[in-house]
Amino acid sequence: MIYRIRKFTDTTYFNNALKVTMAAVIPVLLFSFLGDFEMGFTIALGAFFTYPSDIPSSLKHKINGVLVTAFLVAVLNLLVNILHPYSWIFYPFLALLIFLLSMLSVYEKRATAVSFSALLAVSLAFAHLHSGWEMIEYSGLILAGGLFYLLISLIFHYLSPHRYIELQIAECIKLTAKYLKLRGDLWTVDADRKAIIEKQLHLQVELNIIRENIREVLISSHTNSGSSNQNRKMLIVFISLIEILELALSTSFDHEKLHQKFDDHPKVLLTYQSLAYNLAASLKQVYKSVQNRTKYISKHNLHGDLNALQFAITTYENDLGKIAASEGVFMLTTMLQYAEKQVEKIKIVEHTFTLAINSLDFKGKDKDLEKFLTPQYYPLSTLIENFSFASTIFRHSLRLTLTILIAFIIGNVLPFHNVYWILLTIIVIMRPGYGLTKQRSFHRILGTVIGGLIAFGVLTFTNNSIIISILSIICMLLGFSFTQTNYKVSATFVTMYIVFIYGILTPNINEVIQYRILDTIVGAALAFLANHFLWPSWEFLNIPIHLEKSIKANQNYLKEISIFYNEKGTISTAYRLARKNAFIEIGNLMASFQRMVQEPKSKQKQLPQVYKLAILNHSLLSSSASLGTYIQSHKTTSASEAFNVVVDTVIKNLDNAIALLKENDLDIKENLPKEDLAMRFTELKNIREKELKEGIPIDEEAFQLKMQEAQLVIEQLLWLTNLSKNIVKTTKELIES
């Protein structure tokens with residue numbers, strides 16, 4: 001129990017919740033002691049408004065983002081108060097303001113956070129409307145609250161400057177370990193391989209988010225302020241984790257064939273599965289060490305596991321005889337080589353946390369790192385380009401604006417006490433996608449009802465202001481801690497916190513609870529209905545875009561692999577960027593599929609084809625990574641014309657798939673006749689054999705080994721060709737249906 005509490009309190013989410021809780025509670029306590037609760041509460045509101053903009057980033061971007069938000073929410077509050085008495089100006093102004101604030105989301109992550117903070121400030125401005133000097137004073141206090149939050153955030157940063165990135169790296173290690181564990185699960189005889197692959201794809205979505213957070217903080221810090229020892233350590237670990245996942249993805253085995261092959265020798269595969277599980281367990285142990293800030297001591301003898309697998313292979317060969325066992329030995333040796341590479345990468349991660357890292361260890365790894373960051377600039381052209389119904393953000397902005405105006409009308413016509421709570425509920429719940437809005441609506445209503453009932457139950461037993469104040473602080477802390485991980489629990493604690501505050505301030509708490517629940521239900525219902533009927537952003541409309549991006553990213557990755565095979569040398573920045581984008585886009589495609597599954601059945605159009613294309617793109621990425629990993633880790637000969645012809649065929653197939661998605665043109669011709677393609681594969685084998693025979697004299701065993709290596713490349717090319725054809729075929733089915 002103590003371990004779980006400690007684990008929970010040492011997370012990024014709890015850390016962020018603690019910052020905003022302190023920034024809100026300290027002013028309230030201080031000014032309550034001085035006899036001015038309202039001033040303290042207004043400063044706390046300013047901290048609350050500013051908090052969402054404090055997202056993962058370098059220190060410079062954090063300060064700029066929080067400062068902009070603090071000033072923006074203060075100015076918006078002042079404008080609402082100034083214009084509110086003039087309804088003929090105010091309502092057009094409000095509609096335009098909400099629309100433009102929502103449109104800020106076209107600038108991605110940070111702008112979305114600033115937009116959300118600003119919309120919160122606008123909705124809650126109606127809770128305390130002022131006039132004259134009071135409105136200037138009130139807006140000034142909100143600004144003070146935002147600046148105070150920035151101060152608290154900076155104190156947390158300087159007290160533990162590396163803790164955030166350590167926790168993100170730890171999370172990345174944990175997810176990578178899960179991925180390797182799933183790879184081990186594939187070796188179970190009756191494993192549900194389809195379900196395991198789907199879990200791997202879901203993990204890819206999570207890994208994309210974590211990796212982007214790490215890049216934003218780690219690479220920005222490295223680029224802007226130089227490379228500290230801790231920074232170098234974390235970068236080495238991060239790069240190693242990317243390589244571990246690429247290696248896992250790139251090495252695919254025909255499990256059914258292997259199980260059939262070794263039915264009479266089960267110990268061989270069980271030994272390998274044990275090794276596969278220990279690879280994952282070793283990473284998980286590193287994760288626990290970083291998470292708990294304990295010294296890392298390895299509990300798994302991975303080299304011993306490798307020796308055990310080598311012994312199992314030797315025993316298998318001795319039992320069957322060298323000739324009869326040759327094919328099986330080759331398969332097992334390939335598995336052993338993969339495991340050896342993974343052990344090497346995992347050992348780098350282990351040593352990074354146990355040994356001193358000097359600048360020589362990092363030489364070359366920091367080349368062009370800034371290119372891996374998402375550029376942070378905000379051109380007006382991006383906003384203008386999105387003024388179209390083709391833009392999801394544009395439709396969401398219109399939908400949100402109209403829904404809030406409808407809420408205003410309902411609030412003024414019907415006897416609602418606090419219209420601002422309906423507005424707040426709409427802003428918090430409504431998202432561009434239907435599925436997330438539906439889920440948050442349900443969780444918000446459920447959390448509000450449960451939280452209201454629990455808080456009411458507590459208030460019937462005690463009216464002690466000290467006890468209620470302590471409970472409200474705890475509820476606020478827990479409410480913010482669960483916002484990102486469990487919205488239903490978060491809504492429960494936030495409701496309890498609000499009810500406790502009203503319990504201290506007002507005697508008619510029963511009425512407050514009833515109206516809060518009613519306001520929440522109305523706001524959630526409006527958000528849900530608006531997402532369903534007002535220019536809905538059904539995911540099947542976005543799927544072709546994500547498919548195109550994923551296919552294009554895979555195509556670019558394969559092109560870079562081909563360039564590297566032809567030109568040799570070191571891995572280029574373009575190669576690494578292409579690899580990064582391919583991983584990101586397959587994750588984005590899977591995330592889009594997940595959103596589609598949450599939508600009504602009638603809107604889940606072509607779901608089987610979409611899922612099949614997601615799997616095919618994942619397999620294509622796996623095969624490309626396999627080819628790239630092989631070329632990197634072996635001394636290869638010059639690429640032949642036949643190799644380039646086959647790769648060009650795959651690339652053209654992918655071009656056809658992209659053309660289908662763009663133009664819906666079903667009249668696509670095959671790039672290369674099957675006979676010609678088969679001839680090219682035969683040519684590849686013949687060229688390789690000729691090159692070896694005419695090159696440096698080698699014995700028959702070495703020659704066979706080289707031919708086996710060549711066969712691996714040819715098999716990957718064949719697999720890539722088949723996958724690209726299937727992508728074209730399934731894309732046609734998608735368009736036709």
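Predicted model: local features only at pLDDT ≥ 70, side-chain atom pairs only at ≥ 80, totals over all residues.

Reader: How many helices and strands does the protein chain have?

Author: Helices (H or I, at least four residues) and strands (E, at least two) are DSSP runs, numbered from the N terminus. Counted that way, the protein chain comes to 27 helices and zero strands.

Reader: What percentage of the 737 residues in the protein chain is buried?

Author: Buried means under 20% relative accessible area, exposed means over 50%, and partly exposed is in between (1.4 Å probe, protein chains only). For the 737 residues of the protein chain, the buried share is 52%.

Reader: Among contacts between residues at least 6 apart in sequence, what percentage joins residues at least 24 apart?

Author: Contact here means heavy atoms within 4.5 Å. Among the contacts in the protein chain between residues at least 6 apart, the share that joins residues at least 24 apart is 81%.

Reader: Which residues have the most contacts inside the largest nonpolar core?

Author: A nonpolar core is a set of buried Ala, Val, Leu, Ile, Met, Phe, Trp, Tyr and Cys residues joined through side-chain atoms within 4.5 Å. The largest one has 113 residues, and its largest share, 12 residues, comes from helix 24 (residues 607–633). The residues with the most contacts inside this core are Leu180 and Leu283.

Reader: And what does Leu283 touch, leaving aside neighbours within four places in sequence?

Author: With those neighbours set aside, the list for Leu283 includes Leu180.

Reader: How many residues are in the second, separate core?

Author: Val80, Tyr138, Phe408 and Ala530 are among the members of this second core. Its count of residues is 46.

Reader: How are helix 2 and helix 7 oriented to each other?

Author: Axes are lines fitted to C-alpha atoms, for helices over the stretch in contact, and angles run from 0 to 180 degrees between N-to-C directions. The axes of helix 2 (residues 12–33) and helix 7 (residues 133–159) come within 9 Å and cross at roughly 135°. Angles under 35 degrees count as roughly parallel, over 145 as roughly antiparallel, 65 to 115 as roughly perpendicular and the rest as oblique. Helix 2 and helix 7 are therefore oblique.

Reader: Which classes of residue make up the contact of helix 2 with helix 7?

Author: Helix 2 brings residues including Asn15, Leu18 and Lys19, and helix 7 brings Phe148, Tyr149, Ile152, Ser153 and Phe156. Ala, Val, Leu, Ile, Met, Phe, Trp, Tyr, Cys and Pro count as nonpolar, Asp, Glu, Lys and Arg as charged, and the others, Gly among them, as polar. The contact divides into 10 nonpolar, two polar and one charged.

Reader: How are helix 6 and helix 17 oriented to each other?

Author: Helix 6 (residues 108–125) and helix 17 (residues 419–429) pack at about 165°, with their axes 8 Å apart. Phe116, Leu119, Leu120, Ser123 and Leu124 of helix 6 meet Tyr420, Leu423, Leu424, Ile427 and Val428 of helix 17, and by class that contact has nine nonpolar, one polar and no charged residues. Given the angle, the two helices are therefore roughly antiparallel.

Reader: How many residues of helix 17 are buried?

Author: Helix 17 is mostly covered, and its buried residues include Trp421 and Thr425. The count is 11 of its 11 residues.

Reader: How do helix 5 and helix 6 lie to each other?

Author: Helix 5 (residues 87–103) packs on helix 6 at about 155°, with axes 9 Å apart. Leu94, Leu97, Ile98, Leu101 and Ser102 in helix 5 meet Ser115, Ala118, Leu119 and Val122 in helix 6. Helix 5 and helix 6 are therefore roughly antiparallel.

Reader: Is Gln273 buried or exposed?

Author: Gln273 lies in helix 12 (residues 266–292) and touches Gly184, Asp185, Trp187 and Thr188, not counting residues up to four places away in sequence. Because its relative accessibility is 11%, Gln273 counts as buried.

Key. Residues numbered from 1 in each chain as written. Heavy atoms only, no water.
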